[in-house]
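Student: I'm new to this one. Could you take a close look at a single part with me?

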Amino acid sequence: MNDINRSDIRSNAVITAIGSYVPERILTNADLEKLVDTNDEWIVQRTGIKERHIAAVHQFTSHLCFEAVHNMIERYNITVTDIDYIIVATSTPDAVFPSVASQVQSHLGIENCGAVDLQAACAGFTAAIQLANGLLVSGAYRKILVVGAETLSKITDYSDRTTCILFGDGAGAFLMESSDDDRGNVLSMYSKTDGSRGHQLYRSSLASAIGDHAIHTNGMIVQNGREVYRWAVSHVAEGVKQLMERSRLSAADINWFIPHSANMRIIEALCERTGFSLDQTLSSIKLFGNTSAASIPLAIDEAVKAGTIKHDQIMLLYGFGGGLTQSGIIIRWSL
Ligand code: UT7
């Protein structure tokens, strides 16, 4: 038997490209005023959202992924045919199966490639980065495409004013590669889940109960906004602190805090409780709304395009939501 020395095949994971896409159609607060009993002032005050992008009728999550990857290819002039694994984080796949990731593989014409969808709601993108990092560091794969993409408008009930004001569509992608450089990009990670609160935020077209809690099965997003809000500002804030403690870093050592763009008030409360200033916090909430697994890469890519994020800066990315689950990483930006 070959005696494989693990140290020979271990490497580090680095982010080598980023891309993003949002659909053309914009849904403003004024548009929503015509659908439900709401107004711009209430929405902006309670959520910080001005508008969201909405996919066309025949545009699904896989199509948003294709656009985000093409955007990445154009900007970084990269080859994608040698990608050996694709992870798409989404709660709104075109179909339950085949996976969106397999549609991305086919669209890009990659021959030898694993492809899986990952479902961790708004914690999906950071969870996917955690997994991609593990697969690269182990030496199992060398080039992984990670996409966070959603068409939440397809599962939003536009007669429910407590949810329809929040959600939007979009996609963001990272290319991650193994590197022999002794500095990897993912410095530390943290995850925590509380499935006993799953019924507070869900979408079901099958089961009519989560645990002991009866739920709706209309296939639309249902949430107890106040409960999710309370959980986010207490438990998620605690999770962010745990991640920093684990890394022996404080908010002052971290250049950018990128929490999931759930709601601006949640982001402000998280900043207050964790020591980050709003000036060092990036979000995609104002112009894109809550795009779940896409919100973190969209916020990062907007800042990359604006030249705000600099090479070697330290960033804390923190996803949280349906599960209820949370997943955070601290990375060193390599682009
Ligand atoms: O990715 C994670 C996904 N989920 C979340 O992030 C949800 C977290 N929660 C939230 O973002 C907030 O709870 C909401 C934005 C959903 C609601 O804000 P809130 O400050 O918690 O409002 P509330 O539910 O306490 O409702 C306050 C009032 C109520 O009226 P009354 O009972 O005080 O007369 C609601 O009926 O605001 C009313 N209301 C609205 N008014 C105008 C609820 N939705 C609207 C609306 N427009 N769209």
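Student: In what order do the 4 strands of the open sheet come, and what is the pairing?

Tutor: Happy to walk you through it. First, this is a predicted model, where local features need pLDDT of at least 70 and side-chain atom pairs count only at pLDDT 80 or more, while totals for chains, interfaces and linings use all residues. Residues are numbered from 1 along each chain as its sequence is written, and side-chain values use heavy atoms, with hydrogens and water left out.

Now the sheet: the order is β8-β15-β14-β13, and the pairing is mixed. Strands here are DSSP runs of E with at least two residues, helices are runs of H or I with at least four, and both are numbered from the N terminus. Two strands pair if DSSP finds at least two bridges between them. β8 (186-193) and β13 (256-259) are at the edges with a single partner strand each, so one side of each has no neighbour in the sheet. On average, neighbouring strands are turned by 10 degrees against each other, direction ignored; axes are lines fitted to C-alpha atoms, for helices over the stretch in contact, and angles run from 0 to 180 degrees between N-to-C directions.

Next, look at β14 (residues 314-321) and β15 (residues 325-332): they run antiparallel, joined by 8 bridges. Leu-316, for instance, has Ile-330 in β15 as its bridge partner.

Then come the helices. Helix α6 (residues 124-137) lies across β8, β14 and β15, at about 55 degrees to β15. Helix α8 (residues 264-274) also packs on the sheet, touching β13 and β14, and its direction makes about 135 degrees with that of β13. Contact here means heavy atoms within 4.5 Å.
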